[in-house]
Amino acid sequence: MKVAVVGGTGDFGLALAQRLADAGAHVVIGSRDAGRAREKAAEAGAAEGAANADAVRGVDLVVLAVKADAALSTASELAAAIGDTPTLSVASELRFSKSGVRPAEDARSIAERTQDLLRGPVVAGLQSLAASSLAGGKAEGDALVCGDDERAKELALELASKVVEGRALDAGPLASARALEGMTAVIVNLNRRYRGHAGVRIVGL
Ligand SMILES: NC(=O)c1ccc[n+]([C@@H]2O[C@H](COP(=O)([O-])OP(=O)(O)OC[C@H]3O[C@@H](n4cnc5c(N)ncnc54)[C@H](OP(=O)(O)O)[C@@H]3O)[C@@H](O)[C@H]2O)c1
């Protein structure tokens, strides 16, 4: 499997790239700065580092792992380079307040809005995996993925199964991305309240 991690220089993208490289995937780290991408690729044991627009060419799956508030502008900038390639959106927009962390107020998820910008199918997933949990090895718990395109979802589930100790689970259509993205706020609040590294494990399946 050949995967581009756009924004693979950040906390989450770099940890994901490390786990995928450990699992034998061909990983290309993308950055706005090709030099930084190559440096981080060497650090992660990834095969290549390149400027984002070069990183996404010729891969099986693009992971859009830039800072959440840059996800839509980055998708728009890379739309031509990504073309028909499936994209996995891992983003969650959070609002921080004195009373805790809240999901963004937008009625539609970042993943659905990313789909508006890209020709290829967009799936959403991995929002419940903290960068810190992925950094040391496979993350505890399950990974949830949702999307409308079966082939894209299969690829994202294959990727997810390489980075979690638990299961990679199909959580339904892209419209469910709202729930996955909102779950991040719940997890961050749990981590703050109980000083832990919470993840998700689905029971009863
Ligand atoms: N952190 C977590 O625990 C976690 C868990 C699950 C999902 N996520 C999701 O993963 C994504 C990345 O999170 P993160 O914590 O790794 O973020 P981050 O470290 O703040 O940023 C990731 C990368 O985004 C790029 N970037 C920053 N500003 C940008 C801009 N204006 N335009 C284009 N690219 C920009 C940077 O890459 P270059 O400067 O090299 O281009 C940076 O290294 C987010 O969508 C987040 O919601 C995070």
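1. Two strands are taken as paired if DSSP finds at least two bridges between them, and helices (H or I, at least four residues) and strands (E, at least two) are DSSP runs numbered from the N terminus. The model is predicted, so that local features need pLDDT of at least 70 and side-chain atom pairs count only at pLDDT 80 or more, while totals for chains, interfaces and linings use all residues. Residues are numbered from 1 along each chain as its sequence is written.

2. On that basis, eight strands make up an open sheet of mixed pairing, in the order β3-β2-β1-β4-β5-β8-β9-β10. The edges are held by β3 (48-51) and β10 (168-170), each of which has a single partner strand, so one side of each is left without a neighbour in the sheet. Direction ignored, neighbouring strands of this sheet are turned by 25 degrees against each other on average.

3. Within the sheet, β5 (residues 87-89) and β8 (residues 122-125) run parallel and are joined by three bridges; L88 has V123 in β8 as its bridge partner.

4. The axes of α4 (residues 71-82) and α5 (residues 110-117) come within 9 Å and cross at roughly 20 degrees, where axes are lines fitted to C-alpha atoms, for helices over the stretch in contact, and angles run from 0 to 180 degrees between N-to-C directions. That makes α4 roughly parallel to α5 (angles under 35 degrees count as such).

5. In this helix pair, A71, L72, A75, S76 and A79 of α4 meet I110, R113, T114 and L117 of α5, contact meaning heavy atoms within 4.5 Å.

Technical notes:
Side-chain values use heavy atoms; hydrogens and water are left out. Angles under 35 degrees count as roughly parallel, over 145 as roughly antiparallel, 65 to 115 as roughly perpendicular and the rest as oblique.
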